[in-house]
Amino acid sequence: MKILSIETSCDETAVSILEIDGDLAKPKIKVLGNTLLSQAVLHEQYGGVYPNLAKREHQKNLPILLEQTLKQAHLEVGLPSVDFIAVTAGPGLEPALWVGITFAEELGRKWNKPVVPVNHMEGHVFSVLYNADKPLELPALALLISGGHTELVHIRDFGDYEIIGRTLDDAVGEAFDKVARMLGLSYPGGPIISKLAQEARTEKLESDLKFPRPMINSGNLNFSFSGLKTAVLYKLRDEKREDDEFKRMVAREFEDAVTDVLVEKTRRALSSLDTPIKTLIIAGGVSANTFISLAFAKLASEFPTLTLRLPTRELTTDNAIMIGIAAYVRVKSEPKILNDNSALIAKGNLSINSEYNRTTSLSEDIKDN
Ligand code: KG4
Ligand code: ZN
């Protein structure tokens, strides 16, 4: 099956063409073409993603990336031999999502191909199917940690998900980005904070900094990171230090606090689910963090029958390959989706366990809200 996939939910414009076949647990995936343009430097001055700028950039970049991707795949630009088009329909920034959806639907009409909506978070989950050496065993628990999300999802089966914990305020990646901004560091903050934290560990810097581990003992599986962020802010105000050594100490204590909370909640989730979980998936931009992924390797070793799966480094942050893979999962588990040609709707807060929005279900949607 050949899939053209499009991702524009946040500040990455990405297009890929996959040739993908076989068992969902271990599909054979060949990347025929793949392009990605990050807008991170453009958003840096705002300290986060500025939706209208993202929208404009996606509009500008999509046609260029499409052409490059088709060329890489040696496919005809006029009418390429793809089976269908997959596009992220949510969650994300609605103005940005709409650009991808409109573009995908225009292509669908022009080429007479079905357009399949993909849930971005399902994309992160199934990013672990890429370059995997063994089948994905379900049920799984996925900890999705990105700039917009922090959630624990029980993956009962392909297409059958339940969110069992989520952040009540900021997402982990967002907390990394905000703390980086407070320290005068650039966006995205995760990689830089993580580098400084690692330097502090290597240098064995002594410090008595202690930040809270919010909700670590709350008895449920939810998260909160805004208090941690505020604790960092107050500390910076009180100490009035701007030297690099202090920044490294703050970065280390912040990363330690985040890691402690993520690991403890995941441990609790693994122990509390009735069905024994076979795979622990850690995915989303923050899963690129080496310190956090090592902490999860340690956690997984506490559960003798549990396998830990993380995406390859290039697939941790947003990309179109994961959207193509999730579309394959969707089409294989629900083939009739290819016959549904009603218009798609972007939904910023689309949840991993909810139905996609189409014009036909608009009235339901209004009732829901
Ligand atoms: O999944 P992603 O690319 O976009 C969303 O769907 O949100 O995640 C981006 C987030 C940013 O907040 C970024 O700071 C964070 O992932 N991130 C990291 C690291 N690399 C990226 N956070 C911590 N450590 C990292 N090494
Ligand atoms: Zn993402």
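**A tour of the aromatic rings**

Select Tyr50 to begin: at 40% relative accessibility, this residue counts as partly exposed (buried is under 20% relative accessible area, exposed over 50%, partly exposed in between; 1.4 Å probe, protein chains only). The model is predicted, so local features need pLDDT of at least 70 and side-chain atom pairs count only at pLDDT 80 or more, while totals for chains, interfaces and linings use all residues. Residues are numbered from 1 along each chain as written, chains are lettered from A and ligands numbered from 1 in the order written, and side-chain values use heavy atoms, without hydrogens and water.

Next, display the rings of Phe, Tyr and Trp (its six-membered ring), which pair if their centres lie within 6.5 Å. Five aromatic pairs are counted in this way. In one of them, the centres of Tyr46 and Tyr50 are 4.6 Å apart and the planes meet at 25°, so this pair is stacked (under 30 degrees; over 60 is edge-to-face, the rest tilted). Tyr46 is partly exposed, at 36% relative accessible area.

Now move to Phe126 and Tyr161, whose ring centres are 6.5 Å apart with planes at 55°, so the pair is tilted. Phe126 belongs to helix H4 (residues 120-126) and Tyr161 to strand S8 (residues 160-166), so that the pair links distant parts of the chain, 35 residues apart (helices, H or I, have at least four residues and strands, E, at least two; both are DSSP runs numbered from the N terminus). Phe126 is buried, with a relative accessible area of 0%, and Tyr161 is buried at 7%.

Finally, select Arg201, which lies over the face of Phe291, 3.5 Å from the ring centre (a charge sits over a ring if NZ of Lys or CZ of Arg is within 6 Å of the ring centre and within 35 degrees of the ring normal).
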